[in-house]
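Open the model in your viewer and keep the selection panel at hand. The stops below say what to select next and what is there.

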Amino acid sequence: MITTLSFYRLVLGCCASVLLMTAGCSRWIELMLEPESTQAPLTQTIARQEQVPLVLEGVQITRNGAPQNPSVEIEQRMLSILREIGLFARSSSAENAEPSNGKIIRARLLVDEALDPHPGAAAWKGIVIGASMFLLAPVLSLEYDYAAHLTLDLERWDGQVKRYETQSAGTAYYQLFGATPLLIDELKGHVTEYCLTALMRQVVHDTPFYTASSAPLSDNPIRSVSVKGRRPESSTVPISTSTTK
Amino acid sequence: MTRQSRRVIVFLLFITWTIPRLGWAEDPPGRLTFGTQEIGLTAGYLLPHRLTNRHTTKQSGPALMPSWAIVLTDPIGQSWYAGQILLGAEVVYIQFQRPELTHGVGFTPKIKYLFEGFHSVRPYVEFAGGPFYTDLAGRIPEESARFNFILTAGGGVSWFVTPRLALNAGYRFHHISNAGTRFPNLGLNSSLPFGGFSFYF
């Protein structure tokens with residue numbers, strides 16, 4: 001009888017432990033999406049001889065206001081989705097573009113990311129979870145916010161520039177043992193995909209603007225040349241100088 | 001210095017010089033991302049602190065602390081205090097060699113703040129606490145219960161010899177007492193200079 005009771009306790013204990021560990025590893029993502037009406041499929045047609053090539057000249061990334069190194073991944077993703085919509089004859093990066101004096105669309109993408117890992121909440125919840133000897137790990141969920149604002153400038157061969165903007169955000173909720181870099185990759189992936197799709201919807205909407213017959217190729221083509229002032233949010237910038245005598 | 005000690009020092013110097021040259025040179029060392037896990041092994045030697053006249057025991061001995069932690073945030077803050085929060089746990093084993101050969105083992109959840117530091121050198125502070133069982137209690141005037149709690153606070157420096165491997169050195173203050181569950185409960189206080197390594201994945 002005692003042996004049977006001990007066995008049941010052991011089984012119950014094992015089940016509770018498995019349940020605790022499983023619940024402690026859970027994670028989910030919530031995206032802030034626009035109404036479905038703005039995501040409805042959009043179809044336009046373009047004649048093949050009307051298609052012009054597109055060159056992605058650059059991708060700028062800022063994270064929480066600070067400039068970041070360019071990302072090959074997002075550049076490839078942008079080119080991939082541009083190829084998918086089929087509006088342009090070719091889509092390539094500036095490095096791989098064939099020299100052309102003909103009609104061409106130049107693209108520039110700015111990705112402004114905002115990350116918030118909620119460090120204060122993570123610290124306090126971490127202390128509580130630790131103090132409970134991890135028993136509260138399945139109950140207390142932690143959060144990680146990610147928001148992206150994408151701006152796509154498309155410059156036609158005659159110098160006219162169209163700007164497209166979109167933004168999206170999402171929150172990853174996770175239990176302590178579910179914290180993994182993959183979670184953030186998934187969150188960023190969903191948000192970026194949503195933004196790129198929304199951008200492409202806007203571009204496809206302007207299909208007539210990008211047809212070869214939409215504007216003549218000027219003998220004296222115009223390029224828009226600009227430099228944007230990038231000032232840090234703080235007006236004070238640390239500068240160090242060394243004097244050598 | 002004995003011949004064996006010299007060999008150990010030469011071996012450690014060789015390892016320290018060699019490991020950074022084995023690869024991973026393209027990644028900046030010490031850059032940890034959210035969700036990165038750390039497993040580590042820390043060893044040190046416990047030195048007694050008799051804080052009052054009633055404390056008489058000079059407990060000392062080696063301590064071994066295997067640990068696990070997870071990075072819960074990306075780098076936060078903009079100034080010298082910029083860093084990352086890690087949450088984890090460690091097992092504490094202490095072999096008390098004085099006043100008697102006895103043992104103690106505990107399990108302590110811990111929270112750690114790893115400063116951004118400079119390049120591959122990252123200072124940190126940590127705090128841990130949890131249950132601790134020792135058979136030293138009952139043989140000394142300060143402690144009567146075998147079931148105790150151990151509280152630890154300290155700091156150290158991690159030197160990332162590769163992006164995945166760090167050598168650690170630092171100092172911890174240990175307090176062991178039974179939270180008033182039995183008397184006497186003066187508690188044992190100790191310093192623990194330590195060294196160790198952490199592996200990140």
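How much of the contacts in chain B with a separation of 6 or more is accounted for by residues 24 or more positions apart? The share is 59%, where two residues are in contact if their C-beta atoms, placed from the backbone, lie within 7 Å. This is a predicted model, in which local features need pLDDT of at least 70 and side-chain atom pairs count only at pLDDT 80 or more, while totals for chains, interfaces and linings use all residues. Residues are numbered from 1 along each chain as its sequence is written, and chains are lettered from A and ligands numbered from 1 in the order in which they are written.

**Stop 1: chain B as a whole**

Select chain B and colour by secondary structure. Chain B holds 1 helix and 8 strands; helices (H or I, at least four residues) and strands (E, at least two) are DSSP runs, numbered from the N terminus. Read from the N terminus, the order of elements is α-β-β-β-β-β-β-β-β. Chain B has 201 residues, and 33% of them count as buried. A residue is buried if 20 or more other C-beta atoms lie within 10 Å of its own, exposed if 12 or fewer, and partly exposed in between, with C-beta atoms placed from the backbone.

**Stop 2**

Select S1(B), residues 37–49, together with S8(B): the two pair in the antiparallel sense over 10 bridges. Within this pairing, Thr42(B) stands opposite Gly196(B) in S8(B).

**Stop 2: two cis peptide bonds**

Go to the loop between S3 and S4 of chain B, where Pro99(B) is placed. The bond joining Arg98(B) and Pro99(B) is cis, with omega about 5°. Next, select the loop between S7 (165–177) and S8 (188–200) of chain B, which holds Pro184(B). The peptide bond from Phe183(B) to Pro184(B) is also cis, with omega near 5°.

**Stop 3: Val92(B)**

Val92(B) is in strand S3 of chain B. Is Val92(B) buried or exposed? It is buried, because 23 other C-beta atoms lie within 10 Å. Leaving out residues up to four places away in sequence, Val92(B) touches Ala63(B), Met65(B), Val105(B), Gly106(B), Thr108(B), Phe132(B) and Ile150(B). For a distance check, take Glu126(B), 34 residues from Val92(B) along the chain: their C-alpha atoms are separated by 14 Å.

**Stop 4: where the chains touch**

Bring chain A back into view. The contact draws 19 residues from chain A and 15 residues from chain B. On the side of chain B that touches chain A, the elements giving two or more residues are S3 (83–96) and S4 (102–115). The largest share, 3 residues, comes from S4(B). This side of chain B divides into 8 nonpolar, 5 polar and 2 charged residues. Ala, Val, Leu, Ile, Met, Phe, Trp, Tyr, Cys and Pro count as nonpolar, Asp, Glu, Lys and Arg as charged, and the others, Gly among them, as polar.

**Stop 5: helix H3 of chain A**

Select residues 119–131 of chain A, which make up H3(A). The buried residues in H3(A) are Ala122(A), Lys125(A), Gly126(A), Ile129(A) and Gly130(A). Seen down the helix axis, they fall within an arc of 135°, so they line one face; the arc is that of the directions from the helix axis to the C-beta atoms. Their cover includes S6 (142–155) of chain A together with S3 and S4 of chain B. The face turned away from the buried side carries the exposed residues Gly120(A) and Trp124(A).

**Stop 6: two positive phi values**

Met133(A) follows H3(A) and is placed in the loop between H3 and S6 of chain A. Its phi is near 60°, a positive value in a residue other than glycine. Met133(A) counts as partly exposed, with 14 C-beta neighbours inside 10 Å.

Finish at Asn64(A), in the loop between S2 (54–63) and S3 (66–68) of chain A. Phi of Asn64(A) is positive, near 50°. Asn64(A) is partly exposed, because 13 other C-beta atoms lie within 10 Å.

Conventions
The expected span of a helix is 1.5 Å times one less than its number of residues. Two strands pair if DSSP finds at least two bridges between them.
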